[in-house]
Amino acid sequence: MPACQIEDYHDAPSTREELVAWLATTDSDGMESEIWLRRLSHWWDENPFASARNERGWLLRHDGKIVGFLALIPTCYAVNGRPAPAFIASTWRINEEHRNASLPMLMRFRQLGAENIVSDTTPTPKVRQLLERGGWHCHTDVQRHFVPLGIFATLCRRHAWPALPAGHRIELDPASIKKVSASCATSSGIEKWITPEYLRWFAASEMRRHQFVGLVDDDGCLSSYLFLTPKRIRGIPAWMEIDHFTTAATHEELHALVGELVRRPSLLGGRRLLSLAAFPGDSAWDTAPVLHQRREDVCHCFSIPGPLKSLPKHTVLAEGDWGL
């Protein structure tokens with residue numbers, strides 16, 4: 001019987017067609033080929049960071065046919081205030097009968113992570129174990145802060161939220177953002193690199209609605225934003241915050257954005273509850289006048305190269321392929 005072979009995935013119309021056909025037939029969620037085509041186009045054609053790195057992942061073949069795949073999506077992080085090309089891992093899938101032959105793929109993945117920042121925010125429990133054994137750091141919980149909106153805000157000191165700063169306004173369309181006041185919040189540590197192109201790209205994801213809520217000044221410059229996604233919390237129509245960012249020295253602007261949603265829930269369609277999220281070490285919502293808090297299990301895994309391991313890492317839910 002021929003042995004399995006691992007190869008770099010070189011994206012081209014013919015190879016993408018072959019890959020999409022295999023992904024659709026092996027997808028446990030039943031995503032059709034058309035959805036996979038749009039998804040790969042979003043990852044590799046529309047991604048503003050795609051040109052920074054050529055790697056797109058690896059294929060595992062047996063007798064010439066695809067039996068496994070691990071995708072790489074180029075991205076960018078700020079490292080001590082400077083942009084650093086990085087990778088998102090996604091869609092690590094192996095046909096069950098060939099799972100034991102996928103070790104070379106894992107070895108290449110680990111080597112990539114030894115030299116680059118790599119994120120995997122949707123790993124299976126088995127993959128998480130493999131990553132942790134390889135020295136990856138996995139964030140396994142997030143603190144949820146619940147905020148009633150509109151008339152329900154009387155339960156939670158609705159007037160305690162600050163007003164928008166003078167000379168600033170709410171912007172809901174990321175396509176209108178032409179500049180940001182800075183592409184990272186601080187000049188130290190590791191965090192996502194933010195550009196207007198990235199904001200438009202993330203908002204256009206095929207997999208989940210990403211509602212942008214930005215704060216811009218009279219010159220149209222963005223200084224803070226939230227990304228939200230709709231969901232129901234115990235049957236209540238709600239927004240779940242999945243990303244927050246500010247270049248301000250304090251969290252006042254982020255709280256002002258929440259305050260506008262509290263006082264004017266019709267801005268986004270009248271949902272009644274907002275869930276804010278913070279990973280350990282993130283103080284964005286520590287002083288917010290919330291109604292209730294609870295911890296929630298997540299699994300955001302990151303490989304940080306050795307020279308950078310001592311740097312603090314700012315993490316949000318909307319990282320890796322979470323929502324892509």
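Here, Ala, Val, Leu, Ile, Met, Phe, Trp, Tyr, Cys and Pro count as nonpolar, Asp, Glu, Lys and Arg as charged, and the others, Gly among them, as polar. The model you're looking at is predicted.

**The largest pocket**

- This pocket has a volume of about 1,000 Å³.
- A set of 33 residues lines the largest pocket, and T91, W92, R93, T124 and V127 are the ones that lie nearest its centre.
- Strand β4 hands over the largest share of the lining, with six residues.
- Sorted by class, the lining of the largest pocket holds 14 nonpolar, nine polar and 10 charged residues.

**The second largest pocket**

- Here you'll find about 510 Å³ of space.
- The lining of the second largest pocket is made up of 26 residues; nearest the centre sit A185, T186, H251, D282 and H314.
- When it comes to elements that give two or more residues to this lining, look for β9 (190-192) and β12 (236-246).
- The largest share comes from β12, which supplies three residues.

Key:
Residues are numbered from 1 along each chain as its sequence is written. This is a predicted model: local features need pLDDT of at least 70, side-chain atom pairs count only at pLDDT 80 or more; totals for chains, interfaces and linings use all residues. Side-chain values use heavy atoms; hydrogens and water are left out. On a 1 Å grid over the protein atoms alone, a cavity is a set of points where a 1.4 Å probe fits but cannot get out, and a pocket is an open set with protein on both sides within 12 Å along at least five of seven lines; lining residues have an atom within 4 Å of a point. Grid points are joined across faces, edges and corners, and a volume is the space filled by probe spheres set on the points. Helices (H or I, at least four residues) and strands (E, at least two) are DSSP runs, numbered from the N terminus.
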